[in-house]
Amino acid sequence: MLRAVAFFCVIAAVAAAECGQDTEFTDSSGTIEFLNYGMDMDCSWIIKTPGPITLSLSDFGIEYHDNCGYDWLDINYIEDGNNHFIGSYCGDTAPEPMVIDSDGIHLSFHSDNMVNDVGFTVHWEGQGDGEE
């Protein structure tokens, strides 16, 4: 007896991110890997997909300081073309997954000239249907 079995494999966009200025991602879901970062870096990425957007971080290690004053990852949501600050993150504990009710996220990373660290992986999943 033969049985037909359907197998579906969905591969999300995974990008080993280079340090750029406002590198844009428009896939409805994806992953940015920014691991083992160097010193004296200023990088940014924009995720544009119908929201709300679920954002989660893993493999997280950014040089710690009480106020994230050395190295940091800033997360902003984009509304009407403007960035609105959500938070600044550093250390070795990734922030909890967050749902951002926006069609865009702006990530900004900065490292100073003293210590580098693990970096981070960002995964996003757009929940909207693209219709307004």
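Modeller: Rings of Phe, Tyr and Trp (for Trp, its six-membered ring) pair if their centres lie within 6.5 Å, and a pair counts as stacked with planes under 30 degrees apart, as edge-to-face over 60 and as tilted for the rest. This is a predicted model, in which local features need pLDDT of at least 70 and side-chain atom pairs count only at pLDDT 80 or more, while totals for chains, interfaces and linings use all residues. Residues are numbered from 1 along each chain as its sequence is written, and side-chain values use heavy atoms, with hydrogens and water left out.

By this rule there are seven aromatic pairs. The ring centres of F34 and F120 lie 5.5 Å apart with the planes at 45°, so this pair is tilted. It joins distant parts of the chain, since F34 belongs to strand 3 (residues 29-35) and F120 to strand 10 (residues 119-126), 86 residues apart; strands are DSSP runs of E, at least two residues, numbered from the N terminus. F34 is buried at a relative accessible area of 5%, and F120 is buried at 0%, where buried means under 20% relative accessible area (1.4 Å probe, protein chains only).

Y37 and F109 make an edge-to-face pair, 4.7 Å from centre to centre and with 65° between the planes. This pair, too, links distant parts of the chain, with Y37 in the loop between strand 3 and strand 4 (41-48) and F109 in strand 9 (residues 104-111), 72 residues apart. Y37 counts as buried at 2% relative accessibility, and F109 is buried with a relative accessible area of 2%. Taken together, ring pairs join F34, Y37, W45, F109 and F120 into a cluster.

Note on methods
Helix = DSSP H or I, 4+ residues; strand = E, 2+ residues; numbered from the N terminus. Buried < 20%, exposed > 50% of the residue type's maximum accessible area, 1.4 Å probe, protein only.
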